[in-house]
Amino acid sequence: MCIRDRFIVEEISDSSYAQIMNVLKASNVHAVFSHDRTRFSTIKKKGLFGFLTSMRDEFAGVSRSARSVRGALYATDKVANVYYFNFYSPLTRAFLNELRGSSLVNMYRVEDGVCDYFPFNFMHHGSLEKRAKNILALVCGKSHLYRRSCSWLFEETAKYYLFFPEKVDPQWSAKELFSLLEAKDEIKLICASSENDDALCILNPGTSALMIGQTLYEDGICSLEDEISVYLDASRFLGKVYFKPHPRSCREKIDRLTASGLSIVSTQLTAEALICKWRFGCVVGMWSNTIIYSRGVFELESYSMLYDLLDKSGGSADPHIAGIHHILIEKFRNCYVDFRESKGR
């Protein structure tokens, strides 16, 4: 990264923000924008007026920040490459809209994770919820920021950096595609450079598994008992396990897993940083980016527990999760492997 690079951070949660800032600790962070202030689901806790006020103020801040960057570009009269991650983010779109059409800006998309390969929204909402969101976005004059398609941003984007160019939606094949696997050494170096967490005690990582927790219970996908049973099934199968909870994991889940004998890894380090700092025997999770990319990027065997969860459901699983499962099998079968197959390693 160049010292003159400026980063605009989108904060989804306190924990994600802390992890991002850990990676960017030596970089110039120009602005931080909050998804919580523009997410329609927060109407329940803020009220309609409170939400509309926070949305207006946040998008005004985005515009001011983007105009500041645009002014700096025009002052130097030099072409700049602008990299963005989330094609579907209203904050990203609002920011880039201020730079749209400029001859001094090249817009490049960078993969935001495995959800880039899904033909549907990763965040699933019911039909009534989606209809209400679309109506509110239209009334607020923001429908162009919230709908799934965005023709102008697609046209403005010249390159797309992603791990699996051959698996992306065919429409993006018209762009210049660059495989991030070619930059995996640099990616590992960045992950390894994260600040150490001296409180961590990882013993014999080479014969242990790093287990990445999910928020299945918190998101209403399954019962707490079913989610815990999946983790314990895998731990009995894999042997020694270090469990990294999801930042939104509830206290009861963590307490019950601790009482069951799992070693809980409480840290702001990312799973990727843990993998680079300690050479685990394997990593296991559900459908997170780490599970899909670890074999190709970190040369580390990775496995999914979602197969076991779906087996336990007996055909009554959440249809959205079942859809994710089928897409992962279709597109990433060699990376998305049932943990029960790990005994052959």
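Just after helix 8, residue G239 adopts a positive phi of about 90°. The structure described here is a predicted model.

Helix 8 covers residues 224-238, and its 15 residues should span 21 Å at 1.5 Å a residue. Its end C-alpha atoms are 21 Å apart, which agrees with that expectation. Along helix 8, the buried residues are L224, E227, I228, V230, Y231, L232, A234, S235 and L238. An α-helix has 3.6 residues a turn, so residues three or four places apart point the same way. Several elements take part in covering the buried residues of helix 8, and the table lists those that are named.

| Element covering helix 8 | Residues |
|---|---|
| Strand 7 | 209-212 |
| Strand 8 | 241-244 |
| Helix 9 | 251-259 |
| Strand 10 | 282-285 |
| Helix 12 | 306-313 |

The second largest pocket has a volume of about 340 Å³. It is lined by 21 residues, of which Y88, R148, D169, Q171 and W172 are the closest to its centre. At least two lining residues come from each of helix 6 (151-156) and helix 13 (319-332). By type, the lining of this pocket comprises twelve nonpolar, three polar and six charged residues.

The largest nonpolar core contains 96 residues. In soluble globular proteins, nonpolar side chains tend to be buried together. Which residues of the largest nonpolar core touch the most other members? They are L96, I292, M305, L328 and F332. With neighbours within four places in sequence left aside, L96 is in contact with V82, Y84, M107, W152 and L153.

Technical notes:
Residues numbered from 1 in each chain as written. Predicted model: local features only at pLDDT ≥ 70, side-chain atom pairs only at ≥ 80, totals over all residues. Heavy atoms only, no water. Helix = DSSP H or I, 4+ residues; strand = E, 2+ residues; numbered from the N terminus. Expected span 1.5 Å × (residues − 1). Buried < 20%, exposed > 50% of the residue type's maximum accessible area, 1.4 Å probe, protein only. Contact = heavy atoms within 4.5 Å. 1 Å grid on protein atoms, 1.4 Å probe; cavity = no way out; pocket = protein on both sides within 12 Å on 5 of 7 lines; lining within 4 Å. Points joined across faces, edges and corners; volume = space filled by probe spheres on them. Nonpolar A, V, L, I, M, F, W, Y, C, P; charged D, E, K, R; others polar. Core = buried A, V, L, I, M, F, W, Y, C linked by side-chain atoms within 4.5 Å.
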